[in-house]
Amino acid sequence: MIQLASLLGAGLILAAYAAHQAGRMGRESLLYHILNAAGGGILFAVAIDASQVGFIILEGVWAAISLGAIVRSLRRRVPGA
């Protein structure tokens with residue numbers, strides 16, 4: 001089950017990256033940030049389960065940065081925010 005979760009997390013991050021590189025998704029795209037946050041969050045949980053401190057830090061920060069980008073993106077969509 002952990003292997004499936006890590007494959008899903010990696011797949012989400014790689015899908016966002018591939019779409020960005022192919023010009024199908026910009027770095028300001030909400031979906032781009034959602035895919036990165038979801039993938040990073042899943043890999044963060046997997047890293048915690050495996051007690052891998054380096055990956056806990058990497059994926060935790062990855063998810064946090066992506067969540068911040070989601071908040072910024074949503075604020076731009078709301079008038080007066």
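The model is a predicted one, and the protein it shows has three helices and zero strands, so that, read from the N terminus on, its elements run α-α-α. Taken along the principal axes, the C-alpha atoms fill a box of roughly 45 × 30 × 20 Å. Of the 81 residues in the protein, 31% are buried. Among the contacts with a separation of 6 or more, 56% are accounted for by residues 24 or more positions apart.

Helix α1 covers residues 2-21 and helix α2 covers residues 30-49, and their axes come within 8 Å of each other and cross at roughly 150 degrees. Because angles over 145 degrees count as roughly antiparallel, α1 and α2 are therefore described as roughly antiparallel to each other. The crossing in which α1 passes α2 is left-handed.

The residues that form this contact can be traced along both helices. On the side of α1 they are I2, A5, S6, L8, G9, A10, L12, I13, A16, Y17 and H20, and these meet Y32, L35, N36, A38, G39, G40, I42, L43, V46 and D49 in α2.

S6 has its place in helix α1, and when its neighbours within four places in sequence are left aside, S6 is in contact with L43 and V46, both of which are listed in α2. Is S6 buried or exposed? Its relative accessible area is 19%, and because buried means under 20%, S6 is buried.

The remaining helix is α3, which takes in residues 53-77. At 1.5 Å a residue, its 25 residues should span 36 Å, and the C-alpha atoms at its ends are 36 Å apart, which agrees with that expectation. Which residues of α3 are buried? They are E59, G60, A63, S66, A69, I70 and S73, and what covers these buried residues includes both α1 and α2.

How values were computed: Residues are numbered from 1 along each chain as its sequence is written. This is a predicted model: local features need pLDDT of at least 70, side-chain atom pairs count only at pLDDT 80 or more; totals for chains, interfaces and linings use all residues. Side-chain values use heavy atoms; hydrogens and water are left out. Axes are lines fitted to C-alpha atoms, for helices over the stretch in contact, and angles run from 0 to 180 degrees between N-to-C directions. Helices (H or I, at least four residues) and strands (E, at least two) are DSSP runs, numbered from the N terminus. Angles under 35 degrees count as roughly parallel, over 145 as roughly antiparallel, 65 to 115 as roughly perpendicular and the rest as oblique. A crossing is left-handed if the near helix is turned anticlockwise from the far one by less than a right angle, and right-handed if clockwise. Contact means heavy atoms within 4.5 Å. Buried means under 20% relative accessible area, exposed over 50%, partly exposed in between (1.4 Å probe, protein chains only). The expected span of a helix is 1.5 Å times one less than its number of residues.
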